[in-house]
Amino acid sequence: MTQISNASILPKFAQLTIQGEDAEKFFQGQLTCDVTKLGLSYQAAAIGNLKGRIEFGIWIKKQAEKQYDVVISSDCADALQAHLKKYGAFSKFETSAPTPIYPCVLDNVPTFSHKDDHNTTEDTQAWTQCSIATGNYWIVATTQGEFQPQELRLHQRGGMDYDKGCYLGQEVIARIYFKSAPKAFLHYVKGVGELPSAGDKIDKIQVVNAIANAEGFEALVITRPEYLVDSALTPLDLPAALQADVARAK
């Protein structure tokens, strides 16, 4: 595994716990996924804005009856807490303060842990590398409102439901899904040179997440396929489920 000398560039995450009588109903009107289908495993999902773009990229699980645990990039946690307070002002649920949670890889799957044993640079780097290789993107403060869920292949990861009813940004998201398709979408690439930051643009290619390696970097990017062909970046294979056409099957 390639080691990174500057651990400060690795991602950090926080968890918020939401529990109460109206927690499920509230989240059903907020999230891109169907909350009634959540279980004890983390599901990637999103809260959109009115333009149909991802404001908060999260992972969520149903920890207990009327209790949900939400993981988000630490630099977005306070904004998410404010969002929940604003939109949930008349709903019966409580939101905990953000607490640290540690990214790690268990059984070859990127996930999260509260155990101090996983609070290591090695665990975080393994999570980052595994996440980029498997399309497990994460939204940070600089990329809030940048990407449409379908561009990020969230629908191919079970994080979107087109039949569950309204939620923030649903009209725009559904219109793209049923009447068109994103022309630019998620790719896994490697490149040489300086490590780009989330949100950076390399010509017509926008970086979602990146990590350094011995030759340069690996990254998840959003771009049109033809722009990638004309670039200095080398495409790599995502998992088979994320190699499918992003358009709705007809």
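Author: Start with the search of the whole structure: it finds one cavity of 30 Å³ or more. This is a predicted model, where local features need pLDDT of at least 70, side-chain atom pairs count only at pLDDT 80 or more, and totals for chains, interfaces and linings use all residues. Residues are numbered from 1 along each chain as its sequence is written, and side-chain values use heavy atoms, with hydrogens and water left out.

Reader: What counts as a cavity, and what as a pocket?

Author: On a 1 Å grid over the protein atoms alone, a cavity is a set of points where a 1.4 Å probe fits but cannot get out. A pocket is an open set with protein on both sides within 12 Å along at least five of seven lines. Lining residues have an atom within 4 Å of a point.

Reader: How much space lies in the largest cavity?

Author: About 40 Å³. Volume here is the space filled by probe spheres set on the points, with grid points joined across faces, edges and corners.

Reader: Which residues line the largest cavity?

Author: Ala44, Ala45, Gly57, Ile58, Trp59, Tyr137, Trp138, Ile139 and Arg157. The elements giving two or more residues to that lining are β2 (43-48) and β3 (54-64). β3 has the largest share, three residues. Strands are DSSP runs of E, at least two residues; helices are H or I, at least four; both are numbered from the N terminus.

Reader: And the lining by class?

Author: Seven nonpolar, one polar and one charged. Ala, Val, Leu, Ile, Met, Phe, Trp, Tyr, Cys and Pro count as nonpolar, Asp, Glu, Lys and Arg as charged, and the others, Gly among them, as polar.

Reader: What about the second largest pocket?

Author: Its volume is about 330 Å³. Of its 15 lining residues, Tyr42, Val109, Pro110, Asn136 and Arg157 lie nearest the centre. β7 (109-113) and β2 each supply at least two. The largest share, three residues, is from β7.

Reader: Switching topic. Where does Asn213 lie?

Author: In the loop between β10 and β11 (216-223).

Reader: Why does Asn213 count as buried?

Author: Because its relative accessibility is 16%. Buried means under 20% relative accessible area, exposed over 50%, partly exposed in between (1.4 Å probe, protein chains only).

Reader: Which backbone nitrogens lie by the side chain of Asn213?

Author: That of Glu215 is 3.0 Å from a polar atom of the Asn213 side chain. For the backbone nitrogen of Phe217, the distance is 3.2 Å.

Reader: Now helix α2. Which residues are buried?

Author: Ala77, Leu80, His83 and Leu84, in α2 (residues 77-87). They are on the same side of α2 because they cover an arc of only 115 degrees around the axis. The arc is taken from the directions from the helix axis to the C-beta atoms. Asp78, Lys85 and Lys86 are exposed on the other side.

Reader: What do the buried residues of α2 pack against?

Author: β1 (13-19), α1 (23-28), β2, β3, β4 (67-73) and β5 (94-95). Contact means heavy atoms within 4.5 Å.

Reader: Last one. Which residues of α4 are buried?

Author: Gln170, Ile173, Ala174 and Tyr177, in α4 (residues 170-179). Their arc is only 95 degrees around the axis, so they sit on the same side of α4. The face turned away from that buried side carries exposed Glu171 and Lys179.

Terms used
A polar contact is a pair of N or O atoms within 3.5 Å; within protein, one must be able to donate a hydrogen and the other to accept it, and residues adjacent in sequence count only if both atoms are side-chain atoms.
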